[in-house]
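Have the structure open and follow along.

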Amino acid sequence: MDVDTRASCQSLPYSGSAGAKPKMASTKPKMAVLILGFLFVLAVIALITVAVTQNQRLPKNIKYGIVLDAGSSHTNLYVYTWPAEKENDTGVVQQVEVCKVEGPGISGYSQAVQNASRSLQHCLERAQEVVPQQQHQETPVYLGATAGMRLLSLENRHVAMEVLSAVENRLRSSPFNFQGARIITGQEEGAYGWITINYLLGSFKQSGWLNFLPKLTSIKETVGALDLGGASTQITFVPEQEQSESQENSLHFRLYGKSYNVYTHSFLCYGKDQALRMKLVRDLQNAETARLQDPCFHTGYERNVSIRDLYASPCTANYKQSLAFPQLHVVGSGDYQACQTRIEELFNKTSCPYSKCSFNGIFQPPLQGHFGAFSAFYFVMNFLNLSADSSPAPLNSAISTMKNFCSRPWSEVKAAYPQVKEKYLSEYCFSGTYIISLLKTGYEFSLETWQQIQFLGKIGSSDAGWTLGYMLNLTNMIPAEQPLMRPLSHAGYVGLMVLSSLVLVGALLLGWCIFRKPRCLRKGIV
Ligand SMILES: Nc1nc2c(ncn2[C@@H]2O[C@H](COP(=O)(O)OP(=O)(O)OP(=O)(O)O)[C@@H](O)[C@H]2O)c(=O)[nH]1
Ligand SMILES: [Ca+2]
């Protein structure tokens with residue numbers, strides 16, 4: 001037996017003699033094993049080849065979109081990009097360029113309208129470099145103007161329309177596909193800011209597997225959005241109570257198969273530049289001379305403010321009075337507490353026609369969940385080192401930081417931050433104090449809920465702001481219903497196919513060995 005087995009499994013030289021016949025028969029299983037082995041190796045190679053070639057990166061079909069954010073203080077041009085075949089997925093659009101337009105916001109060109117369109121030249125040229133030339137024609141370009149233009153429109157609608165048509169003509173003459181230039185409402189600004197941050201944070205994402213269990217699906221909570229501009233500020237979040245007491249503050253969205261009832265409000269004039277003006281005109285009411293001592297600026301800091309400019313805004317026009325002096329001479333006294341007291345007078349908390357208000361009689365449901373605070377909320381809190389990545393410094397330490405910062409003499413502050421623009425640096429004491437007052441007194445964030453605020457400038461490579469949400473909406477890139485999702489990625493699918501094929505082939509081979517028992521395997525080998 002031993003001899004026989006060895007004889008059939010060893011490769012013996014072929015012998016033509018009659019005695020060699022049994023040996024010929026014993027080579028059959030050996031041949032079968034060889035063929036099977038060969039087929040097995042072939043199958044494995046074929047499967048691996050399929051997996052590798054299927055997963056090779058195909059040249060991507062990239063799309064581009066451009067949005068101009070015509071803010072009150074300046075205009076930014078954003079270029080976004082996304083893979084065409086993933087248009088409806090959440091989180092695939094990315095910002096690839098931001099270009100800051102030199103000079104003031106477009107509302108600042110009311111006296112020289114054509115200069116508004118000229119100011120865009122440099123950033124449009126930059127966009128032409130970023131977007132490949134063959135895609136210029138198909139790339140949509142949108143312009144949305146915010147609170148600066150809302151104010152100009154209130155002041156002089158005709159001039160506002162002239163400014164808008166000047167920038168519209170400039171965009172039409174660009175090689176891109178012009179899709180519109182308009183003043184967006186405060187509601188839209190709040191809503192698109194909320195959509196942007198939740199899209200970038202992946203809050204709308206639902207797992208493919210969990211979709212089979214609609215009732216049990218644990219959907220991530222959305223994050224509220226806090227935007228502080230130069231002329232307006234927005235608060236937007238999903239409140240606990242679905243029913244809203246004020247229809248003008250409620251929005252309904254259906255995104256990726258889920259409904260959202262969102263609360264939003266935009267406070268015109270409560271951006272930080274207009275808020276400073278409102279504070280100054282209030283201070284002026286009791287002033288007898290042109291010299292105004294201001295606790296919101298550092299000691300040793302001085303600034304002249306034109307009285308005409310100060311009143312040339314619908315936010316301050318109501319306080320207009322005739323004064324004997326053309327210029328106000330502001331002299332800093334660097335006192336956080338006194339500054340806060342003056343700022344808090346801007347928030348009227350005396351009457352509320354609803355069950356709950358923020359300020360000025362505006363409905364606001366109880367604050368709910370986490371918040372992302374961006375634009376000037378971030379610029380200022382980041383400068384003051386109060387915007388840690390995970391959670392902010394507690395409210396009390398933010399207040400003591402501000403007390404300390406405001407009390408520093410201007411000469412010392414200037415020497416400590418020589419690289420920071422004087423306009424920004426001189427206003428951080430006011431701005432930081434204003435932010436704390438707006439959040440604490442205005443919106444009523446408590447010591448606890450303050451910890452739910454995250455000050456953020458970017459999410460990934462994209463700036464937090466309303467522009468991305470605006471483009472997603474106008475290009476129909478956020479579907480109302482969840483697109484049909486495959487439970488596995490392509491790579492996962494191919495990998496699983498290879499693995500199961502290997503198991504199958506292995507099982508067949510094993511079965512064949514066990515049941516057919518080739519002689520060579522009968523002893524000790526299998
Ligand atoms: N410190 C600092 N402040 C900035 C910076 N960029 C803008 N600001 C100021 O922050 C405030 C808000 O800026 P934006 O968010 O751009 O405001 P905006 O879009 O022009 O104004 P709205 O139309 O009200 O939204 C303004 O007072 C700007 O002057 C920055 O990089 N650093
Ligand atoms: Ca803005």
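Let's begin in the loop between β9 (258-268) and α8, which is where Cys269 sits. This is a predicted model, so local features are taken up only where pLDDT is at least 70. Cys269 has a positive phi of about 85° although it is not a glycine. Is Cys269 buried or exposed? With a relative accessible area of 11%, Cys269 is buried, because buried means under 20% relative accessible area.

Another residue with a positive phi, and again not a glycine, is Asn360, where the angle is near 55°. Asn360 belongs to the loop between α10 (336-344) and β13 (371-375). Its relative accessible area of 33% makes Asn360 partly exposed.

## The ligand and its shell

Now to the ligand. How many residues surround ligand 1? There are 19, and the closest are Ser73, Thr146, Ala231, Asp273 and Tyr428. By residue type, the shell around ligand 1 splits into 7 nonpolar, 9 polar and 3 charged residues.

## Polar atoms facing the ligand

A polar side-chain atom of Tyr428 is 2.5 Å from a nitrogen atom of ligand 1. On the oxygen side, an oxygen atom of ligand 1 lies 3.2 Å from an N or O atom in the side chain of Lys272. A polar backbone atom of Gly230 is 2.9 Å from an oxygen atom of ligand 1.

How much of ligand 1 does the protein cover? On its own, ligand 1 has 650 Å² of accessible area, and the protein covers 87% of that. Helices α8 (272-285), α11 (376-383) and α14 (422-442) are the elements that give two or more residues to the shell around ligand 1.

The record gives some labels to set beside the geometry. An unreviewed UniProt entry places a "binding site" feature at Gly230, Ala231, Ser232, Thr233 and Gln234. Of these, Gly230 has its place in the loop between β6 (224-228) and β7 (232-237). Gly230 counts as buried, because its relative accessibility is 13%.

The annotation "active site", also from an unreviewed UniProt entry, covers Glu189. Glu189 is part of helix α7 (residues 186-201). At 6% relative accessibility, Glu189 counts as buried.

The unreviewed entry in UniProt also carries the feature "transmembrane region", at residues 31-52 and 491-515. What does the chain look like over residues 491-515? That stretch is 100% helix and 0% strand, with its end C-alpha atoms 36 Å apart.

## A covered helix

Helix α5 (residues 147-155) is mostly covered, with 7 of its 9 residues buried. The buried residues in α5 are Ala147, Gly148, Met149, Arg150, Leu151, Leu152 and Ser153.

Strand β16 (residues 462-463) holds Asp463. Asp463 counts as buried, because its relative accessibility is 16%. The side chain of Asp463 makes a polar contact of 2.6 Å with the side chain of Lys458.

Met471 is in helix α16 (residues 467-474). At 0% relative accessibility, Met471 counts as buried. Along the chain, Met471 and His158 are 313 residues apart, and their C-alpha atoms are separated by 27 Å.

## An exposed loop residue

To finish, we go back to the loop between α10 and β13, where Thr350 is found. Is Thr350 buried or exposed? With a relative accessible area of 72%, Thr350 is exposed, since exposed means over 50%.

The side chains of Thr350 and Asn348 are joined by a polar contact of 2.6 Å. Thr350 and His74 stand 276 residues apart in sequence, and from C-alpha to C-alpha they are 35 Å apart in space.

Key: Residues are numbered from 1 along each chain as its sequence is written. Chains are lettered from A and ligands numbered from 1 in the order in which they are written. This is a predicted model: local features need pLDDT of at least 70, side-chain atom pairs count only at pLDDT 80 or more; totals for chains, interfaces and linings use all residues. Side-chain values use heavy atoms; hydrogens and water are left out. A residue is near a molecule or strand if one of its heavy atoms lies within 4 Å of it. A polar contact is a pair of N or O atoms within 3.5 Å; within protein, one must be able to donate a hydrogen and the other to accept it, and residues adjacent in sequence count only if both atoms are side-chain atoms. Accessible areas come from the Shrake-Rupley method with a 1.4 Å probe; for residues, only the protein chains shown count as cover. Helices (H or I, at least four residues) and strands (E, at least two) are DSSP runs, numbered from the N terminus. Ala, Val, Leu, Ile, Met, Phe, Trp, Tyr, Cys and Pro count as nonpolar, Asp, Glu, Lys and Arg as charged, and the others, Gly among them, as polar. UniProt positions are given in the numbering used here, feature names are shortened, and annotations may be inferred rather than shown by experiment. Buried means under 20% relative accessible area, exposed over 50%, partly exposed in between (1.4 Å probe, protein chains only).
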